[in-house]
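Reader: Could you walk me through one part of this model in detail? I'd like to hear about helix packing.

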Amino acid sequence: MKNLILTVSAVVLSTAPLIAQQTSTSQASAPDISAMQQQIKDLQERIISLEGQMRMLKSAPPAASAPAGATVQQPLPAPTPPAAQTQAAVIAGAEGQTPTLGGAGGSAAKALNPDISVIGDFIGALGTGTVPALAQQQPFPSMEMHESEVGLQAIIDPYARGDFFISFGEEGVNLEEGYITFTALPKSFVVKVGKMRSAFGKVNMMHNHVLPWIDRPLVSTNLVGGEDGIDDAGVSIQRIIPAPKGIFLEATGQVFRGDSGSGLQSVFKSWQRSDVSTVAHLRSYKDVSESTNLDIGLSYARGYNDSGASFLTNLYGVDATVRWKPLRRSIYHSFIGRGELFWSQRQQFPVEQRAFGFYTSADYQLGRRWFLGGRFDRSARSKFANLTDNGGSIVLTYWPSEFSQIRGQYRYTDYAENRSANELLLQVIFSLGAHGAHPF
Amino acid sequence: MEHLKFGPMSVTCMFLLLAVCLGAPAEAKKLTVVTATTDMAALTQEVGGDRISVESVARGYQDPHFVEAKPSFLLKLRQADLLIVVGLQLEIGWLPPLVTQSGNARIQIGANGYLDASQFAEILDIPTGTVTRAMGDVHPLGNPHYWLDPDNGRRIAKGIAAKLGDLDPADSSYFQERFQDFDKRLTTAEQKWDAEMKPFHGRKLVTYHNSFPNFAKHFGLNVVGYVEPRPGIPPTPSHTLELIGLMKRENCKVILVEPYFDLKTPNSIARETGGKVVQYLPSVGGEKDVTDYFKLFDYDIALLTQAFQATQ
């Protein structure tokens, strides 16, 4: 802002003698006035152009300041008259005097900082019922600061961006995701390298704070690793495949170290370097109309499990999402119907376990701030395929603003051991700072 | 003989090989431009003529803050030679993931095919002092609804013409000629619009969202309040009562509402104040007939002059 004031002052000061000279000579004639008006207009245009350039400089990502092969084009000013060149020199001098900000370095250094955000996720629980020992769904305590997710996101260079999501529990820290995305590869490939949530279905890719529920579906917990899901270090390659009739097709292939989940929720375990796990996902999407779209995906994952060094787990998934959002009233009403079906084929002693599970859910936006949803769950357990849990939930969410949510969820679970639980869950999510938008 | 085994790596490789084989992008002859909003598309069309193809991601009647980042937009973005954004964080909630996922190196932020049009325009409402979200969904870099000033339209068109010439030097003079022609037509239209609005210079009005400052400044109107208590925060009863009081004190009778907001609160304010609700268009394409930048001002100025006359 100081720079802006200096810019404007410099331009005004440099024109003042000019105006004074013209007014002092004689009564200005009509052509003189017209010329002066034009001159003032030209100067106004220059100020607007300079302000724009300053905004671009202030908000420029690192990529823009190191343009190797990808240059940023600033607006080309008209040929500069000598007087204006002097002004520009004054302005440049003024801009050179960058203010020191709280001892934390110059403003340019701060401009290169990544976008930093923190998302708090508080969960409270009420209700009855004890969870059977072999159940994979864990109960929530009466109150907990379930997660504090710190996001650090920035453009690294003209070829890549970086995203880190570090999840703090009340005790302990977990790198939920931390990866580089190469965005400038030939043949339209997008490659990610680092630790990431795998592209196995829909829910597995979602961070807690973007779920429409407080918990995750039973099928995620029982077959796909629960809250952490298939989240591992590796490489992901994705590409859009041209398809007819406006259909969007995208193929993703991922290779991971082979460790996902732990304890009862363990999905993959790497016993040696060659025990990598793989995930493949094919996504198809079609706009049915301007307001309605359909999203269908097929997923496959394969890796070694914790039963022993040569025991494999194969996972298969189908997901379908239908969305409705009328564009003219998109901030008031919308509907999302989701469903995911998973099959788990787990080799273990003494016999391979073949388990199936699914969830189906519907969420309707009642008004600008209110959402009502429901979910039905049914899933066998990956290690005990003869044990099937059932459940259902009703969810009501209130959004005070885009940056906070208050959610209540009534959850009924009927465990395979003939035990049931009735729970009331409460969640408050709040967001600080600049958190980048999540993929659709 | 051993059976052929498909290891995990080979499954993944085959999957990606399929993606490469099926993906041979067609050579585009004309420059393909994708814009975030219809207004930028309209201005690009003015200077680009038939040497470009241009398409907008958002529709003119939807809230540009809340556009869904649909995968179908990726199909457009992956072919684009140039992406023009409004900037000032208007599209922050939906455009960045689309750009990242597009796999199109030309339009990544900082690349030559990424153009932030806000750099050319006069920007108002740049917050001074501390900016917090207690102020609502405030834009720290200034108000992003800047295209509703014809002078900014001219500046943006000039910047776009220069960028198109930079990407397609062979047609550079064509784009400059188109800009000169647009400039002339806009100057003539501005004289007409200024004359139509002159009788209402200084008139007070209220808008739902703070999306009107550039229009108001250009045509000498006075925006005294907003239906939203803070940008992006829905109306509250207490704020609505305050606004009704303010409008009565200021003798303000016109309430402008963008086409994507609910009319319930504005209508009740109008009933209390004897005012008039006007559903104006902030963007080209907000109505079927409003197909270009000139028609946008024709439409809004006709609505406003009628409303001001009706509430003299």
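This is a predicted model: local features need pLDDT of at least 70, side-chain atom pairs count only at pLDDT 80 or more; totals for chains, interfaces and linings use all residues.

At what angle do the axes of helix α5 (residues 150-167) of chain B and α6(B) cross?

Author: Quick housekeeping: residues count from 1 along each chain as its sequence is written, while chains are lettered from A and ligands numbered from 1 in the order in which they are written.

Now your pair. The axes of α5(B) and α6(B) cross at roughly 175° and come within 9 Å; axes here are lines fitted to C-alpha atoms, for helices over the stretch in contact, with angles from 0 to 180 degrees between N-to-C directions. Helices are DSSP runs (H or I, at least four residues), numbered from the N terminus. The two are therefore roughly antiparallel, the term for angles over 145 degrees.

On the α5(B) side, the contact (C-beta atoms, placed from the backbone, within 7 Å) includes P150(B), A157(B) and L164(B), and among its α6(B) residues are F175(B), F179(B) and L186(B). Those contact residues split into eight nonpolar, four polar and five charged. Nonpolar means Ala, Val, Leu, Ile, Met, Phe, Trp, Tyr, Cys or Pro; charged means Asp, Glu, Lys or Arg; the others, Gly among them, are polar.

Helix α6 (residues 172-197) of chain B also meets helix α10 (residues 293-310) of chain B, with axes coming within 10 Å and crossing at roughly 10°. That makes this pair roughly parallel (under 35 degrees). From α6(B), A189(B), W193(B), E196(B) and M197(B) take part, facing F294(B), F297(B), I301(B) and T305(B) of α10(B). The tally there is six nonpolar, one polar and one charged.

Technical notes. Angles under 35 degrees count as roughly parallel, over 145 as roughly antiparallel, 65 to 115 as roughly perpendicular and the rest as oblique. Two residues are in contact if their C-beta atoms, placed from the backbone, lie within 7 Å.
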